[in-house]
Amino acid sequence: MTKVVNILVASVGGQGGLTLSRVIAAAAVMAGYSVRTGETLGMAQRFGSVKSYVRIGVDTPVYSPVFEPGEADILVGMEVAEAYRNHHYLRPMGLAVLSTEEKPPISVSLGKAEPVTMKKLIEALESHGAEIIIINAPRLAREAGNPRAANMVLLGAMNAAKRILPDNAVEEAIRAILRGKRAETSIKAYYLGKEYTGKHKPSKEHWEDKAHASEQT
Amino acid sequence: MGNEAIARGVVEAGASVVTGYPGTPSSEVIETLQRLGQGLGIYVEWAVNERVAFEIAYGAAIAGARSMATMKAPGLNVAADPIVSAAYGGVDAGLVVLVADDPGPHTTQTEQDSRWFAHVAKLPMITPSSPQEAKDFTVKGFLLSEALSLPVFLRTTTRVNHAVGEVVTGEHSEPRWARGFRKQVERFVRAGMSWNLERHRWLNKQLARAELVAEELGLNRVEGSGELCVVTEGSAYNYVVEALGELGLGARVIKLGLLHPFPRSFVSRALTGCERVVVVEELDPYVETMVKKLVAEEERLRHLIVLGKDEGLLPLEGELGPGLVRAALAKAAGLEYEPVRRESPRAPPRPPPLCPGCPHRGTYLGILIGISRAGYRRDEVPVFGDIGCYALSVGEPLRAIWTEHSMGASISMAVGLKLAGFRNPVVATIGDSTFFHAGVQPLIEAVHKRVDILVVVLDNQVVAMTGHQATPAWPRTETGRETKPVRLEEVIRSIGVDNLVIVDPENVDEVADAVAKLLRTPGVNVVIARRPCALLDARLHGVRRRYRVVEEKCTGCNACIAATGCPALYRTPGGKVAIMEADCLGCGICTRFCPYNAIVPVEEETR
């Protein structure tokens, strides 16, 4: 069966969403797959909406760098409002890997728009039958010694659930793109995300019980 | 990434002079060469603007050095004058001009379709569809350029420049430097009208050979077979291939790598046996117009039905995507096709803001407060904007700039407004790099015509928006090249402005006082608001300090957010304000607007 895996990474500028898509792409190439990525970003260096598309052709070449709403097999939501903004990209029964992190847009801070809660996001995703993983990625990234590696925690969580990329390819990709100490802590963050997901099989219940509580500390 | 692949192509072709001006989505070509090409010893530096970049590349190419100039579409307009003349002079080594268009648009002021410019300049233009082709066509661009002795455009779009994909590399070759420059006035002096007429004839002869050379280089190809034919190019090709597969539709795909001159014989041959022709391309019906002309002119093709934008099959605006192309091909083939419709969620808008710690925030707050202090309402004093990060001041809550037009236009348009009899003061705001790029001449105009304007130069000492590239004020470039820094204030003073004040944007009241005073002072007055880009500064020197909100003191009045719009500030569920400490870059501007002194620096020990 020819299969292209479509991944949408929704993030806020500065969170490392583009780095995540680069790492996934590099790891996929190292694993011998065909890859395309595309990105949609605004003009801001920080705090804009960033959407990156990753397409992995396991045994078929990929041409288009982008895909349409309803065609993502996996939605990686690095931020709650951005995950919500893009939840319509997920196909029915797709996988959503969500970070608990929230960076409210200025429209919300100014009281001109309603905030998006995790509850609202979960309801939206459940309406198209999504499998949902919620993980406190910033906390695990800090545990790994790299507060900026929340993106790699989510990659670990995604790979624990779907096993798309071999670990050695991920390690090689992270080292090729990040280099130095940052690469090693990023790899640690990747494994923390992977183990956590494997061990806890986090669900929305788990998020409501524990992950959110730990966010307060 | 497509741009990294182009950089690789530059190395494989042995180019020795590569220059350009930063502009999304073209910037990563030079960045990649600067980062990874140090060992090659080639010249890879940013130029002050695109026309200078092209002229440098041209000066190298007429001496036998392979060279490249890179730019985004509006940059091509800046470089238009020398490019058009270069077609008459020709080159003695390959010269490739990368022009990156931005259908969407994602980060560009217009959806300019630069393909038409190849007609204006009468120069060959080629276009890749994938990262692999981005590399291959760069090399072929140099070969085409040398075969025709003409500069060649490598035209790309965002979905190729920024697409990441696997690329098979080739061998790299020794850089080709200047061999010597021979005096040939009929080629290089455009003051001779009979020479110009002669060179125009020469140019037409060279162009007539382009298709043949393109054939040898394998720039165009036909895939598949059938009576349904799809003519396509660039990123649209990718959507066509996948759409045909998904629809289970057999078709002949005619993929053009050469856009200008239009490969007439190739397309004519390829269309033999077709019944119905669909043209799939982004932006204007460029290829479609050419195909229709061909079909109208050739007896044996006249029965063909050509469908494209004229027939409403695809939109004239915005970028294409898999969905649009699927629907268009299905319709053209008479297939039933029901696209998956998913409604966009109603998420809170997130317009691009100024970064936390951005010095431009303080500058614009100072300008707005200064306007009040000078005795005017905000809507009485127009603030002209320019191209750069500071254009983001248009958003809530600053809503500062009234215009953002083209590089340097803030000053000239403000001059025009005053010359037209506008009585209130006007402010032109322009970044340091944009000032060097295209603001110097407008300031000369303002001084020379004795126009009363206030020019605020937002000097963050870097080309920030496109990813922190060097400006002429840098003492050393990205590649370590020692330079003579060009001082902004020395340039401005030498033009003869009446008053020049340098302020610190983090001191909002200092900015406001300077602005208020100069708005009431006749003449050409300049404020330089100087502070390094906060992001770059934090990357280089770490974050000086961070701020936090003392919860007990915060009343939730929201004054800090309402004034600054800093995205590191947010409202807590408890109705107070908090700061995302990891994102705070410590400008402290929010503290000025807190009536309760609730925002304080994070103590060392609690970090």
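The side chains of B:R326 and A:E71 are joined by a polar contact of 2.8 Å, a polar contact being a pair of N or O atoms within 3.5 Å; within protein, one must be able to donate a hydrogen and the other to accept it, and residues adjacent in sequence count only if both atoms are side-chain atoms. This is a predicted model, in which local features need pLDDT of at least 70 and side-chain atom pairs count only at pLDDT 80 or more, while totals for chains, interfaces and linings use all residues. Residues are numbered from 1 along each chain as its sequence is written, chains are lettered from A in the order in which they are written, and side-chain values use heavy atoms, with hydrogens and water left out.

B:R326 belongs to helix α15 (residues 322–333) of chain B; helices (H or I, at least four residues) and strands (E, at least two) are DSSP runs, numbered from the N terminus. Its relative accessibility is 9%, so B:R326 counts as buried (under 20% relative accessible area, with exposed over 50% and partly exposed in between; 1.4 Å probe, protein chains only). Leaving out residues up to four places away in sequence, B:R326 touches A:E68, A:E71, B:A243, B:E246, B:L247 and B:Y337, where contact means heavy atoms within 4.5 Å.

The interface as a whole puts 57 residues of chain A in contact with 57 residues of chain B. The two chains bury about 4600 Å² between them, 57% of it on carbon and sulfur atoms; buried area is the accessible area (1.4 Å probe) that two parts lose on being put together, summed over both. In chain A, the residues that lose the most area to chain B are A:M43, A:F47 and A:Y63, together 16% of what that side buries.

Between chain A and chain B, 24 residue pairs are in polar contact, both residues at pLDDT 80 or more. Eight salt bridges are found across this interface (a side-chain nitrogen of Lys or Arg within 4 Å of a carboxyl oxygen of Asp or Glu). One of them links A:K103 with B:D583, their closest N and O atoms being 2.4 Å apart. The elements giving two or more residues to the side of chain A that touches chain B include α1 (17–30) and β5 (90–99) of chain A. β2(A) gives the most to that side, with eight residues.

Chain B also holds an open sheet of six strands, in the order β15-β14-β16-β17-β19-β18, with parallel pairing; two strands pair if DSSP finds at least two bridges between them. β15 (403–404) and β18 (499–503) of chain B stand at the edges, each with a single partner strand, so one side of each has no neighbour in the sheet.
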